[in-house]
Each structure stands twice: as structure tokens, then as C-alpha cells.
Amino acid sequence: MTVAADATNRPSYQRSTVIRRTPHHRGLFAVAVLAAALALLGAMLAPPSHATTGGTSPGLRLGSLQLTPCEQPPSGWCGTAALPLDRRAPDSPTIDVGFEWVPATGRPQGTAVVVDGGPGWATRHSRSAYLEMLGPLRDSRNLLLFDLRGTGRSQALTCPDLEHYADQPSGPDFARTVGACGDRLDHTWKRPDGRWIHASELFGSADSAQDLADVLTRLGVSGVDLYGDSYGSWFAQVFAARHPSLLRSLTLDATYEVLGLDPWYTSGVTSARDAFAAVCRRSPQCAAHTSTDAWTLLSALAARLRTAPLTGTTTGLDGEPTAVTVTVTTLVDLVNDAGSDPGIYRSLQASAHALLTRGDSVPLLRLAEQTTAHDGTNAPPPDFSSTLYFAVACTDYPQLFAMTSPSTERARQLQNRIAAQPAGTFAPFTAAEWTTVNAYTNAYDGCLNWPAPQRTHTPITTHPPLVPPTLPALVLGGDLDSLTPTAGGRRVAAQLGRSARFITVPNVTHITAMPERTRPGPEACGQSLYRQFLRNPADLKHLDVSCTRHTPAIPALADYPTRLADTTPATPAPGNQARPGALRAASVGASAVGDSIVRSGYLTHDRDTGLRGGTLTVTGAPQAHFTLTDIRWVTDATVNGTATWDRTNGTVTAHLRITPDSDSGTETAATTGSDSDVTLDVTWNTLTPRTPASVTGTAGDTPLRGTLPPP
């Protein structure tokens, strides 16, 4: 573990953030300090504050804490509080707990506090998303971005062997790596008498909740609006149950139960089954052209992969060729990751159909690599701490074995419980297959070798109702979220008490209110609900929830056609004279653009290959511009042209030329006229998936008019 102890036994950062940071211009410091000071003087729920300067470094004092300018715009103030590592030991060394304070841009009317999930994510990592989530409320709300102990500015912990673990993060070898990390935590800090501190159990939710309470007290801030998403919502439950007097309101987004959590997480697989069915049912393209339901296809795919794992080469998110092997464990991860990644809902059913019916492995190989790279790769510390993930999971979460038992006995207990599970619990997967899931999704075996606790840890020690009836609590959940299913969110709302309300946001995966990079639009409803609630928490029962009736569905695919002949043609519209082959070509062109739009949300560079070849370039934001050069959506035709996608309003416009290969075997001259090329304009809107795409153009000299489900 590279957490170095200095003279005061405080670990220091070992790696800098991956977020690009822009330093302030010195000439603007005085103006920024004065503006912040004047705004804070009028705060209703924050103490008077003033700017001070020492040497050349301006500062801001809030309560008893001195803050300094952060390096990222818009201007924020960063601070730390030295707090006890072990509150039960009077001789405990301290650790620095860090945060950022972003003053309201106008007259403050309160303070919003946000905490990211994981566990392990630094709230600083999602800084821009939280600012966007507040939106116009930034004028009247200070924002406190709080990093839990062990991540971000709060002395991020890191064990190199764990952070850089290259194989599947589950199984015996991974558990040993996790356990070794816990052991190193226990040999990082010492008491004054030289004894090691058993620190592996000192980073749980209860300790972090006390950290936040202490920071708020030192800042002189109370009556805050606390928002937590994913694990942040677990933390927020713990904080609200222990420190309700410090809160004005509570928002839990994508939450799961602290009380009564099932260590099997069986609701994940049942929720996934329902979610895949709902996605196809709500997508015009999938619903109209799918004869086999998703779960039947995934069951057949699981059986196929048990017999013979799929191996091949695809293009990585960096544009480079990469080898991929798809196993049953890969499929388990895909099903689980769909709960937070709408791209999997869009593509997995169609990928399975292509492989099982035509032996076409290209879509599944690309999806598997994309998911591993995007969903299965963590940022390095200080933005994400794998060490903190397990320090929380192995301390707070219920396990399928006794943490007080030796590791060999834990392994035996786990295997006995897996063997005793009814056969259909995780169908189409066995219990043994399901529990090989990435441990950063569910740590079924991740804590097998973690050091045994020396104390009892109960994050919430009270019984429902968990908060006073005077504390309004909004609980949000997406109905496609199989990681923290809505059933759990409803139970949490009931546990909080009669001041809580649960609201489901349809067509949304994990976390409803934060901006979604891979799919714009759906989070606008969650943001609207959150902002309404913050403006007037007392009006929770009367929130305008009409947006939940208009969240756009995921445009799930029915199939990945291999050739033009496999493609469903566009539906002829008035004025069309083109034959079916040209209408198939129009469908291929639109599909190539739709695929480019979805893929662009995952890319790490501005270039990519098409599904089966060609080159894609992407530039611009929020209006994205695409250039398609010899893109092959199918094997026997190329797509060339340009497209523009306005992320703000969802509008897509494309100008394309589709050229069938001379040996494609489809109707060419007889279908399209004297020229085999099809030229067309395509328009649709990604925010209105039930409104058909419009296609106009020519096939040779023949007019082409048609409509398509939005690709």
C-alpha cells in the first residue's frame, strides 16, 4: 500500500487526479474573493465569512476552517479538517477530511451537500455533474462537495496491487489481493506507544457520517439539503438517522436498504429480467421485429457460452484492435451492468440474436469490450479508491459468511450457501455463476480475506421511522435500475417514515438526477424533481411529477443485420418510388448514424471504426458532428456522409450516400435505377423515440421517401 505515513501518521496522496484543472488567473483573485465574501455575508444558513490574505495566497474563512481557492473553474474553495482516525481512542492520530465549498452565485438561501457513491468515488470526480444538477439553483444555494474519508481530497487510500489488478475482479486470487490490502491498512498508522491501529474497520459509513457532522459544525453550517446517489444514498441514510438536526431535507437517488439488505441481492436478477422485457416493449423497433423475448435469448446465449466461450478481435474505445473473450461470467457482468448502462439494454438482445441465429459474433464482441472498458474500469486514486470500496463493503455490508471467522472457514461457509441455493434463483445462471460477478458490483467473495473486525459495526442503530416527521425526504429510482431496484427504494422510503416519498422515473437506469454522458435527456426529469424539492421541501407531497410520463425510451435494437438482405427496409411514404432494396439501404444508412451516436458516448478519442469497418470521426459539443467514411453497418454496403446531433434538443440530421457492393446479391440497378448508390437525408429526434425517423432521397434517379423507427 502506497499510503505513506508522515511525522503525524497522516497518509499522503500518491497519485494526482485525472481531472484536468485550470488554475485561476491571479488578476481575478481579488474580485473573486470580494464577490464570494459579499455573497456569503448574506447567507441565511451559513455563517458570516470574509476573505483574508496571507502572502500571495488569498483565503476564505468559514466558521473555524480556513479555505483556499481550488484550481478548477467555476471558483470554489477547498478545505480540510483534521479529524480522529479512531474516535474510540483518545490517542488516535488524525486524518485530513477534505471538501470543496462553491458559493452561491447570487444571494444564498441555503446549502446543498452532495456525496458520491461507489463506495470509493470522490465527490470531486463528479463535480461538474453536481453543478449541472443544481442548474438555476446555483444562484441561491451554496454547494458543499464532501469527499468521504479515504478518497479524493480526504487522503485517498490506494493499494497498488488492488488498483492495478488485471484479471476478473472476483475469485480466490482477487480475494487474496483484497485481503492483503486490508492487512496493509492495519499496518499504516500507529498509536503513540508504537502499536498498529486496526484501521481496516475505520472507514465505514458511521465514521464518515461523523466526519461530515464535524465538518458542518466547524464550518458553522446547519439546516443543509443532503443529496446522495448510489452508495452515497446509503451514506445519506446513515447520516440522516444519526444527525437529523443538521438537515433541512434529504434526497436519496438510486438507493438501497441499510436495514434488512439481502446479501444475495436476488432482486438484481429479477429486476433485470423485467427491465430487459420493458425496454424491448417500449422500443418500436424491438417490439415490432422481435419474436423471441430477451430472457429466452440470454438463456440460450448462456448455454452457448458454457459450451464454448467466444473469442475474437474488436475495436477498443481507444480505436485500437483488441482481443476479447466472452464467457458466462462476461454475460453475468453484462446483465448486471445494464442496470447502469443503457447501451447494454439497447444492444445485448440484438447481439445475442445475431450470434445465435447467424453465427455473427461481431456485435457481441464489441459490446463486451465496450462494457469492460467503460463500466468495468475504475479511475485511479484520488478520484476512485478501490481500497475504500472494500473498507466500506467489508465493514458495513451483510456477507454470506461470518466476518469473525477465519478466511478458510469463510470460504467454506460461502460455498455451502451457494450449493444450498435453489436451482432457479438466478436463472438462467447458476448461483455459482452469478456470484462470479465483478466484485465492484456485488462483493460476494471479495471480503473472504479481509481482516476480521475487532468491534461490532452497525451503521444505523435506530428502528424505523429513521428520521423525524419534520424532515422531508425525497427518494428517487429509475425503473430500469437493477443495481438498486425500485422495490428497495420503496422500502427505504417506508423505513424513513411518513415524511418520505418515493418516485419512480421510467426508462432511467442507475441514478436519475445526474447528467448521463452516454444518453442525454432522461435525467432531465430527475433533475426537475430534485430542483422542485430543494426549492420547497415542505411541498414534497405536491411535486409536479408529470415529467415521469414523458421520459424517452431506450431505442433497443431487434437485430444486427449481417447483410443488406437481412435488413428491415424503411416503410414507404407518399411519393416513394424506390424498391425494397433501396429502402433497405436507407435503413442501413440511418442505423449507421444511430450506432455512431450511441458509440460516441463511450469513446475515449474522436475516432473509431464502424461496426464492421470504415472510419468514424466525432467533434464538437453540445452539438456533435459525425463524419462517416466507408462505414460498414452490414458487410456488403458502405455508408459515407455527415451527421449532426444536438445533444440539447435531441435533433439529428444526416446527409448520406449508401453504396451496395457490386457482389452484394441484392437488387442493384433494377432496384435503384441507373445508379446503385442511394443518397438521402435522414432526420429524427433522440428525445422522442416513438416519432419515426424521416427519410428522403433518391435511388439513382428514383425518388425515395420513407419512415423508420428512430435508430
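The protein chain in this predicted model contains 19 helices and 22 strands. Of its 711 residues, 58% are buried. The chain exposes about 26,500 Å², and carbon and sulfur atoms supply 52% of that area. Among contacts with a separation of 6 or more, 70% link residues 24 or more positions apart.

**Nonpolar cores**

- In soluble globular proteins, nonpolar side chains tend to be buried together.
- The largest nonpolar core has 130 residues, and the members that touch the most others are Phe203, Phe239, Phe276, Leu348, Phe390 and Leu496.
- Helix H6, which covers residues 231-242, gives the most to this core, with eight residues.
- A second, separate core of 46 residues includes Ala350, Ala570, Leu603 and Val634.
- Leaving out residues up to four places away in sequence, Phe276 touches Ala294, Trp295, Leu298, Val335, Ala338, Ile344, Tyr345 and Leu348.

**Helices H13 and H4**

- Helix H13 runs from residue 386 to residue 396, and 11 of its 11 residues are buried, so H13 is largely enclosed by the rest of the structure.
- The buried residues of H13 include Phe390, Val392 and Ala393, but also Ser386, Thr387 and Asp396.
- The cover over the buried residues of H13 includes H3, H4, H5 and H6.
- Helix H4 (residues 172-185) has 14 residues and spans 20 Å from its first C-alpha to its last, close to the 20 Å expected at 1.5 Å a residue.
- Eight positions of H4 are listed here as buried: Phe174, Ala175, Thr177, Val178, Gly179, Cys181, Gly182 and Leu185.
- Helix H3 (160-163) and H13 are included in what covers these buried residues of H4.

**Ser205 in helix H5**

- Ser205 belongs to helix H5, which comprises residues 205-219.
- Its relative accessibility is 0%, and therefore Ser205 counts as buried.
- The side chains of Ser205 and Tyr231 are joined by a polar contact of 2.7 Å.
- Beyond its neighbours within four places in sequence, Ser205 is in contact with Tyr231, Trp234, Phe235, Val238, Val392 and Asp396.

**The nine-strand sheet**

- Strands of a sheet pair through backbone hydrogen bonds, either parallel or antiparallel.
- In this model, nine strands form an open sheet with antiparallel pairing, in the order E14-E22-E21-E20-E19-E18-E17-E16-E15.
- E14 and strand E15 (607-609) are the edge strands, since each pairs on one side only.
- Strand E14 (residues 571-572) is joined to E22 by two bridges, and Thr571 has Thr707 as its bridge partner in E22.
- Seven bridges connect strand E21 (residues 693-699) with E22, and Thr698 is paired with Pro703 of E22.
- E21 and E22 form a hairpin with two residues between them, and Gly700 in the turn has a positive phi of about 70 degrees.
- Strand E22 (residues 702-708) has a covered face made up of Thr702, Leu704, Gly706 and Leu708, while Pro703, Arg705 and Thr707 make up the uncovered face.
- Elsewhere in the sheet, five bridges join strand E16 (residues 615-619) to strand E17 (residues 623-631) in antiparallel fashion, and Thr619 stands opposite His625 in E17.

**Loops and backbone details**

- The peptide bond from Ala427 to Pro428 is cis, with omega near 15 degrees; Pro428 lies in the loop between helix H14 (407-420) and helix H15 (431-434).
- The peptide bond from Pro464 to Pro465 is also cis, with omega near 0 degrees, and Pro465 is placed in the loop between H15 and strand E12 (473-478).
- Tyr265 has a positive phi of about 55 degrees although it is not a glycine.
- Tyr265 occupies the loop between strand E9 (247-253) and helix H7 (267-282), and it is buried because its relative accessible area is 17%, under the 20% limit.
- Asn507, likewise a residue other than glycine, has a positive phi near 65 degrees.
- Asn507 sits in the loop between strand E13 (500-505) and helix H17 (523-535), and counts as buried at 7% relative accessibility.
- Cys70, in the loop between strand E3 (65-69) and strand E4 (77-84), counts as buried at 2% relative accessibility.
- Although Cys70 and Glu100 are 30 residues apart along the chain, their C-alpha atoms are separated by 7.6 Å.

Technical notes: Residues numbered from 1 in each chain as written. Predicted model: local features only at pLDDT ≥ 70, side-chain atom pairs only at ≥ 80, totals over all residues. Heavy atoms only, no water. Helix = DSSP H or I, 4+ residues; strand = E, 2+ residues; numbered from the N terminus. Buried < 20%, exposed > 50% of the residue type's maximum accessible area, 1.4 Å probe, protein only. Contact = heavy atoms within 4.5 Å. Areas by Shrake-Rupley, 256 points an atom, 1.4 Å probe, with all protein chains shown as cover. Pairing = 2+ DSSP bridges. Polar contact = N/O pair within 3.5 Å; in protein donor to acceptor, adjacent residues only side chain to side chain. Expected span 1.5 Å × (residues − 1). Core = buried A, V, L, I, M, F, W, Y, C linked by side-chain atoms within 4.5 Å.
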